[in-house]
Amino acid sequence: QLFPGAGWSRLSYMKGRLQGSLVLGWTAACHSGRLELCSTAQAAKTQRAHMQPNSTAWTVGAPSPAKYTDDARDISPPLSWSGVPATAKSLVLIADDPDAPMGTWVHWVLYDIPAQSPGLPEGADKGQYLAGGAKQGLNSFKHLGYGGPCPPPGKPHRYFFKLYALDSMLDLKPGAGKKEVESAMAKHVMAQGQLMGTYQRR
């Protein structure tokens with residue numbers, strides 16, 4: 001059910017003793033206690049342009065698939081975006097969990113995504129390169145590509161899919177870490193946006 005001004009759709013699943021629920025929304029308001037995806041575009045203080053990342057993985061009233069988490073198939077969700085500056089040369093995607101017990105846990109690092117790309121399909125490959133030439137970085141699981149939510153039981157964790165448009169390609173080989181990518185792109189960000197979600201194991 002959609003509510004004016006909020007745009008919520010709730011999808012639930014139960015697997016053994018693990019229970020989660022997924023909410024896909026179009027507002028910046030996010031509530032704890034379930035898996036949520038809240039699509040937000042966030043401008044930097046330097047008046048960077050807005051971009052709008054989204055996921056079409058879940059539709060109103062459909063069951064919430066567990067395949068995007070470590071509880072099941074652990075494949076990446078489909079992503080799309082809009083608002084990429086016409087002069088952008090490449091895109092960067094970083095997904096991380098700032099609530100991990102040992103510090104921020106990196107789930108995905110992807111760079112040199114073609115600027116004209118409209119998004120990413122479900123189940124992106126976990127090799128060094130994606131179709132089109134995008135390069136995969138190293139996540140905190142110590143492998144290339146996407147690694148889904150896998151928090152310990154307890155409070156919900158937040159997951160940020162952060163998208164950046166750059167005015168250049170990055171002079172990095174596949175396998176770079178988040179800090180290396182952030183350092184290389186620091187002076188080249190033209191626009192940014194994020195998709196935020198939470199996941200809780202009970």
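Analyst: Start with pairing: two strands pair if DSSP finds at least two bridges between them. This is a predicted model. Here, S7 and S8 run antiparallel and are joined by seven bridges. Ser-90 has Pro-114 of S8 as its bridge partner.

User: How many bridges link S7 and S11, and in which sense do they pair?

Analyst: Seven bridges, in the antiparallel sense. Leu-91, for instance, is partnered with Ala-165 in S11.

User: Which way do the side chains of S7 point?

Analyst: In a regular strand, side chains alternate between the two faces of the sheet. From S7, Ser-90, Val-92, Ile-94 and Asp-96 point one way. Leu-91, Leu-93, Ala-95 and Asp-97 point the other way. Eight of the eight residues of S7 are buried.

User: Now the helix. Which residues of H1 are buried, and which are exposed?

Analyst: Buried means under 20% relative accessible area, exposed over 50%. In H1 (residues 178-185), Lys-178, Val-181 and Met-185 are buried. They cover an arc of only 70° around the axis, so they sit on the same side of H1. Lys-179 and Ser-183, on the other side, are exposed.

User: What covers the buried residues of H1?

Analyst: The cover includes strands S7, S8, S11 and S12.

User: Where is Met-190, and how does its accessibility read?

Analyst: Met-190 is in S12 (residues 189-199). Its relative accessible area is 22%, so Met-190 is partly exposed. Beyond its neighbours within four places in sequence, Met-190 contacts several residues, including Arg-48, Pro-85, Ala-165 and Asp-167. Lys-89 is 101 residues away from Met-190 in sequence, with 9.9 Å between their C-alpha atoms.

Methods. Residues numbered from 1 in each chain as written. Predicted model: local features only at pLDDT ≥ 70, side-chain atom pairs only at ≥ 80, totals over all residues. Heavy atoms only, no water. Helix = DSSP H or I, 4+ residues; strand = E, 2+ residues; numbered from the N terminus. Buried < 20%, exposed > 50% of the residue type's maximum accessible area, 1.4 Å probe, protein only. Contact = heavy atoms within 4.5 Å. Arc of directions from axis to C-beta.
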